[in-house]
Amino acid sequence: MRIDDRKIKILQAIINDYIRTGDPVGSRTLAKNYDLGIGSATIRNEMSDLEAMGYLEQPHTSAGRIPSSKGYRLYVDKLMDSQRLTAEEDLRIKQYIIDSAMLEVDKVVRQTSALLSELTNLTCIIEAPSVKKSFIKSIQLIRVDENSLVTIFLTDTGLIKNHVMKLNKMPTLAALNKINEVLNNRLVNLSIAEINLEVINNLKKDLVEYEEIFNAILPSLYETLNDADSSEVFMDGATNIFNYPEYHDIDKAKELLSLLSDKQAVMELFNPQDDITISIGEENYKPQAKECSIISAEYSFGNRPIGKIGLIGPRRINYSKVIAIMSEVVKELNNILNDHVK
């Protein structure tokens with residue numbers, strides 16, 4: 001059976017109505033509220049066909065229908081209208097830009113999560129910029145007291161890693177300057193992944209006069225390398241699910257909250273392919289996410305992706321509005337990150 005223009009108009013009307021109200025949609029509602037040019041009996045027959053084709057579902061014994069994952073997929077890919085931000089949403093994003101101007105990168109990312117959750121009424125999960133995908137911009141050893149130095153690693157994406165070292169003998173200022181010069185000559189513009197055994201051996205040769213310093217620096221390097229294998233993950237709006245009737249069912253709510261309790265597991269569901277990627281219902285491979293929609297994207301430094309960001313909620317969300325908000329916020333996050341490291 002082919003989905004013709006009349007069926008498409010009916011499906012579009014059902015999805016728009018269901019997104020707005022959360023109530024299953026019947027033929028009388030469509031005949032009354034939408035100018036489809038046909039009566040409720042004909043609409044009812046078309047709805048039965050759409051259900052048989054897999055685009056609609058009939059919950060319980062209700063006379064109304066709701067969209068299936070297949071129906072939402074067709075809607076997202078071909079039927080929904082684009083939306084613009086409201087003046088209030090635009091103002092809130094502009095305030096976020098101002099508030100982020102003087103913050104450290106991790107705090108900017110954390111604030112982005114809170115903003116997206118607030119504007120979309122969904123759960124937002126975002127990973128901090130990956131150390132592994134960053135390049136070392138500078139390294140500085142700074143004297144703290146008579147027996148302590150702090151090593152500061154600054155990456156091109158604005159990440160800062162600090163490590164305190166204890167020494168038996170503090171080097172002179174001249175020696176400290178020489179060590180900083182060696183470290184920067186050897187390590188600047190390398191990615192964390194490129195700091196291998198060969199690099200470390202060459203560094204050891206250059207610092208042969210400063211064996212204690214070299215031995216103290218090594219743990220800092222290894223700790224930074226280990227940090228590269230994991231990124232901090234922030235979450236906001238986990239309780240937003242209770243704003244949707246779908247999650248007034250306690251079993252459904254428990255299932256989703258169980259998934260959200262493992263932030264790394266949720267991150268695995270984010271698989272951005274284009275600017276914004278949407279996966280709906282059964283397209284999500286984890287059982288707890290079969291009733292959810294996930295909207296994900298990458299944010300970047302320059303043209304290099306450095307982290308993933310995603311929104312998770314029920315299948316019944318205002319996709320067009322959420323996409324508009326996500327696109328604008330990710331664009332501004334990219335601009336903020338690039339401005340931070342100029």
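Q: How are H5 and H6 oriented to each other, roughly parallel or roughly antiparallel?

A: A word on the source first: this is a predicted model. To judge a helix pair, take the angle between the two axes. Over 145 degrees counts as roughly antiparallel. The axes of helix H5 (residues 87-100) and H6 cross at roughly 170 degrees, so H5 and H6 are roughly antiparallel to each other. Their axes come within 11 Å. The crossing of H5 past H6 is right-handed.

Q: Which residues make the contact between H5 and H6?

A: Look for heavy atoms within 4.5 Å. H5 brings Glu89, Arg92, Ile93, Tyr96, Asp99 and Ser100. H6 answers with Val108, Gln111, Thr112, Leu115, Glu118 and Leu119. Sorted by class, the contact holds five nonpolar, three polar and four charged residues.

Q: Which strands does helix H6 lie across?

A: Helix H6 (residues 105-120) lies across strand S3 (123-127), S7, S9 and S10. Against S7, helix H6 runs at about 25 degrees.

Q: How do I read the sheet with S7 in it, and what is the order of its strands?

A: Start with the general idea. Strands of a sheet pair through backbone hydrogen bonds, either parallel or antiparallel. Now the case here. The sheet is open, has five strands, and its order is S7-S3-S10-S9-S8. The pairing is antiparallel. From one strand to the next, the twist averages 20 degrees.

Q: Why is one side of S7 and of S8 left without a neighbour in the sheet?

A: Strand S7 (233-236) and strand S8 (277-280) stand at the edges. Each has a single partner strand, so one side of each lacks a neighbour in the sheet.

Q: How many bridges join S9 to S10?

A: Count ten bridges between strand S9 (residues 292-301) and strand S10 (residues 304-314). The two run antiparallel.

Q: How are H7 and H8 oriented to each other?

A: Check the angle again. The axes of H7 and helix H8 (residues 197-206) come within 10 Å and cross at roughly 155 degrees. H7 and H8 are therefore roughly antiparallel to each other. H7 passes H8 in a right-handed crossing. On the H7 side, the contact uses Val182, Leu183, Arg186 and Leu187. On the H8 side, it uses Val199, Asn202, Leu203 and Asp206. By class, that contact has five nonpolar, one polar and two charged residues.

Q: How are H1 and H3 oriented to each other, roughly perpendicular or roughly parallel?

A: Angles of 65 to 115 degrees count as roughly perpendicular. Helix H1 (residues 5-21) and helix H3 (residues 40-52) pack at about 90 degrees, with axes 10 Å apart. H1 and H3 are therefore roughly perpendicular to each other. In H1, Arg6, Lys7, Ile10, Leu11 and Ile14 meet Thr42, Ile43, Glu46, Met47, Asp49 and Leu50 of H3. The classes in this contact are six nonpolar, one polar and four charged residues.

Q: Which domains does the domain assignment give?

A: The assignment gives domain 1 (5-79), domain 2 (87-129 + 231-340) and domain 3 (132-227). The C-alpha centres of domain 1 and domain 3 lie 63 Å apart.

How values were computed: Residues numbered from 1 in each chain as written. Predicted model: local features only at pLDDT ≥ 70, side-chain atom pairs only at ≥ 80, totals over all residues. Heavy atoms only, no water. Pairing = 2+ DSSP bridges. Helix = DSSP H or I, 4+ residues; strand = E, 2+ residues; numbered from the N terminus. Axes fitted to C-alpha atoms, helices over the stretch in contact; angles between N-to-C directions. Parallel < 35°, antiparallel > 145°, perpendicular 65-115°, else oblique. Left-handed = near helix turned anticlockwise from the far one by under 90°. Nonpolar A, V, L, I, M, F, W, Y, C, P; charged D, E, K, R; others polar. Domains from an automatic or database assignment.
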